[in-house]
4 protein chains.
Amino acid sequence: MLWCNLVTDGDIPSGPAKKGRPFSDATERAILAATAQLLEEKGLADISIEEVATRARVGKASVYRRWPSKGTLALDAFEAEFIARQPPPDTGSLRGDLTAALRAWVRTVNDTPMGRTLRGLIAEVQRDPALREIWRERFVTPVRAQHRLIVERAMARGEISPATDPEIILDLAFGAGYHRLLNGHAALDDAFVKKVVTVLLAATGASGG
Amino acid sequence: MLWCNLVTDGDIPSGPAKKGRPFSDATERAILAATAQLLEEKGLADISIEEVATRARVGKASVYRRWPSKGTLALDAFEAEFIARQPPPDTGSLRGDLTAALRAWVRTVNDTPMGRTLRGLIAEVQRDPALREIWRERFVTPVRAQHRLIVERAMARGEISPATDPEIILDLAFGAGYHRLLNGHAALDDAFVKKVVTVLLAATGASGG
Amino acid sequence: MLWCNLVTDGDIPSGPAKKGRPFSDATERAILAATAQLLEEKGLADISIEEVATRARVGKASVYRRWPSKGTLALDAFEAEFIARQPPPDTGSLRGDLTAALRAWVRTVNDTPMGRTLRGLIAEVQRDPALREIWRERFVTPVRAQHRLIVERAMARGEISPATDPEIILDLAFGAGYHRLLNGHAALDDAFVKKVVTVLLAATGASGG
Amino acid sequence: MLWCNLVTDGDIPSGPAKKGRPFSDATERAILAATAQLLEEKGLADISIEEVATRARVGKASVYRRWPSKGTLALDAFEAEFIARQPPPDTGSLRGDLTAALRAWVRTVNDTPMGRTLRGLIAEVQRDPALREIWRERFVTPVRAQHRLIVERAMARGEISPATDPEIILDLAFGAGYHRLLNGHAALDDAFVKKVVTVLLAATGASGG
DNA sequence: TCGTAACCGAGACGGTACGTCTGGTCTTTTT
DNA sequence: AAAAAGACCAGACGTACCGTCTCGGTTACGA
């Protein structure tokens, strides 16, 4: 879960025995817990690393030793919980899967503090190019991969034309959601989900129409 | 153009003759010019009001007197130039109008520093609830109103079903664009524009085809 | 009293009217009062600028704007009070003047917290070459000048040989005092003063006795 | 040479045979060498224990296991070399002995990096009461004992009155030197030595004058 | 020959303070 | 009363060290 571990993946199976005192799990857990707690209380922008360290009863250096920036820390504290709320649906139909996925997303950002955190993270990502890449690797890519399965399964079933670009479908469906989340110009509710799914099915659903 | 003027609209046509030295146009222009210049040089997040005032050879108070926050100032410096690059298209067809509008947006954010500024503004908007409302009033609403005309004209022409929700069409088309702009997970090019338009036309053109 | 003022002396009688908000006297007084208060409580080494600012209810920058280092600040807080306790004696005899001056010094460092502060300042001076120069200009030189008068008056009276180097007399008399103050290897009391004066008078009184 | 050894003296001749791995001489030597090297490069105040350990390729704990503070470590690294340069003079006359001793001291602090180290140690001693006691025991007392011999021999020879307090003579002679060393207000050269000796001989040398 | 106790280098631990920067406000003199 | 200038309080930034602790590993003694 630690940021630096995830970047280096598990590509060094036989380490040459690292020296020095190892990182403490308790410290790491305390930092992530404090971060998660603060993210429930206020927006990412209103949180300082100083505050996280104080809340976690941890030295500031112990935070900086593990995470290079507030954004990567928040990403770690946010990621697991968010992903857990986006189960890969498999209802047997494109309509069902897409509705389920979009609805899960909508409910998460609407009904939990994760909506605010997600907005804060996207904002943070815009101000830190390094974080942007991590964000794509650690959040955008995995979530999209899961959602892409929905479209690919539909293609395999013949529900949508094989000429369709799955990426565009994903960008349309979730892009609309993020658009409303960030601007707040319209509601993110079940009606929104239904309309989006309907339009996209009409567009792609040669066999489904 | 001044932020406070725009909020109060022009609803005080006959002021009771205000006392004291009036605001200096030169000061205002210097501040906006400095802001625009800095926005070309770096992201909004890397700009401080202190720096704007120094660059404009103006006191900090003269900035705060006019704009309550960095976001509103940046919005003012950004708005006019951005809108000027989004001409209301009228090609006679939904496909043509939508392609033109989306392409104008894509080219603006791709080929000018305004892409970065737009990202910075959206980020800023997430950390300042007051700015969020102004952002909707001053940017989201007018731009969407212009784009909505495209859909409404298409409806009037019978190109799309009157049951279609124009808002959803706009959110799908531009939401996808903003999604790629903010995450950077895929290209924002003419191919993107073409695919988006194709999918949306297929979706809405049921009655028209 | 302000550090930077004292360096530039009063050699700019007609300033060209400086711009901006001037330094606040209240702020300066609060900082010096907090420093003096802390110096009564503990040694200079145990005081941090952070603590001074907090105690003075002042921003850290307001301290750094005026004093470049903890040492210069402490010097300012210490100087006036110390000098006030070293009145220029004029008893009419070398023995009387020297005894009075040395006794005043001994009592100050023995009976007041200024002894500890003086030790702390001398320590601080060793670790900061810039402070060392200021220390000489602002403390060593003026105090020595006052004490040198004692020797010069004695010379004028014929009490000591004109061949005597007044500097050596001062270094012997007060050097011995500082030596005991810093090392603590022997008492700093009236007996010490008496013995020092006796030895020095015996040494210099060849022509007088 | 090790700090803790010196404090406990050799008063436990028959230890109960201590268990565990004994201290490594190589480690101790590496630490002292690194300290001495750093003291040649910069002042004691600019050296951190962290740096000593790194330079000595030694764990920080191995330093703290042997010395309780930076001051005691520096004292150990400094002491032997300094003492070696202060040979007990025995020229047969007070003038000769005093001149030799003071000159040796002046040359050491003037011509070697030990002058700066001595200043740094005296500064360190002011901020650490525990170190102050050690400083007296380990440095002030032995050096003074050696110098006191000079005065006592002169008394035995009848060069100075038996009523003279040898302590005062030492404080006058070396106090003046330390005064100039710490304040830097006047030169520490042979002329200084000569003048000091002349004054003190005149003061005490009833039989010598 | 085996614990076991204390050492070894390395480096993480919770802390404190550093000196700088920015935010938004306040106080000058000048226009 | 607005202008430019810049000081005001507040507090976060990321770094450097403090003195302690925890690793895996290495000696040397006593059982």
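Biologist: Where does R66(A) lie?
Modeller: R66(A) lies over the face of F23(A), at 4.5 Å from the ring centre, where a charge sits over a ring if NZ of Lys or CZ of Arg is within 6 Å of the ring centre and within 35 degrees of the ring normal. In chain C, R66(C) lies over the face of F23(C), at 4.5 Å from the ring centre.

Biologist: What should I know about the model itself?
Modeller: This is a predicted model, in which local features need pLDDT of at least 70 and side-chain atom pairs count only at pLDDT 80 or more, while totals for chains, interfaces and linings use all residues. Residues are numbered from 1 along each chain as its sequence is written, chains are lettered from A and ligands numbered from 1 in the order in which they are written, and side-chain values use heavy atoms, with hydrogens and water left out.

Biologist: How many helices and strands are there in chain A?
Modeller: Chain A has 10 helices and 0 strands, taken as DSSP runs numbered from the N terminus (helices H or I, at least four residues; strands E, at least two).

Biologist: And S69(A), buried or exposed?
Modeller: S69(A) counts as buried, because its relative accessibility is 16%; buried means under 20% relative accessible area, exposed over 50% and partly exposed in between, with a 1.4 Å probe and protein chains only. S69(A) lies in the loop between α4 (60–66) and α5 (70–84) of chain A, and, leaving aside neighbours within four places in sequence, S69(A) is in contact (heavy atoms within 4.5 Å) with I49(A) and D128(A). Of the 209 residues of chain A, 49% count as buried.

Biologist: Switching to chains C and D, at what angle do the α9 helices pack?
Modeller: Helix α9 (residues 166–183) of chain C and helix α9 (residues 166–183) of chain D pack at about 95°, with their axes 6 Å apart; axes are lines fitted to C-alpha atoms, for helices over the stretch in contact, and angles run from 0 to 180 degrees between N-to-C directions. That makes α9(C) roughly perpendicular to α9(D), since angles under 35 degrees count as roughly parallel, over 145 as roughly antiparallel, 65 to 115 as roughly perpendicular and the rest as oblique.

Biologist: Which residues make the contact?
Modeller: Among them are L172(C) and F174(C) of α9(C), and L172(D) and F174(D) of α9(D).
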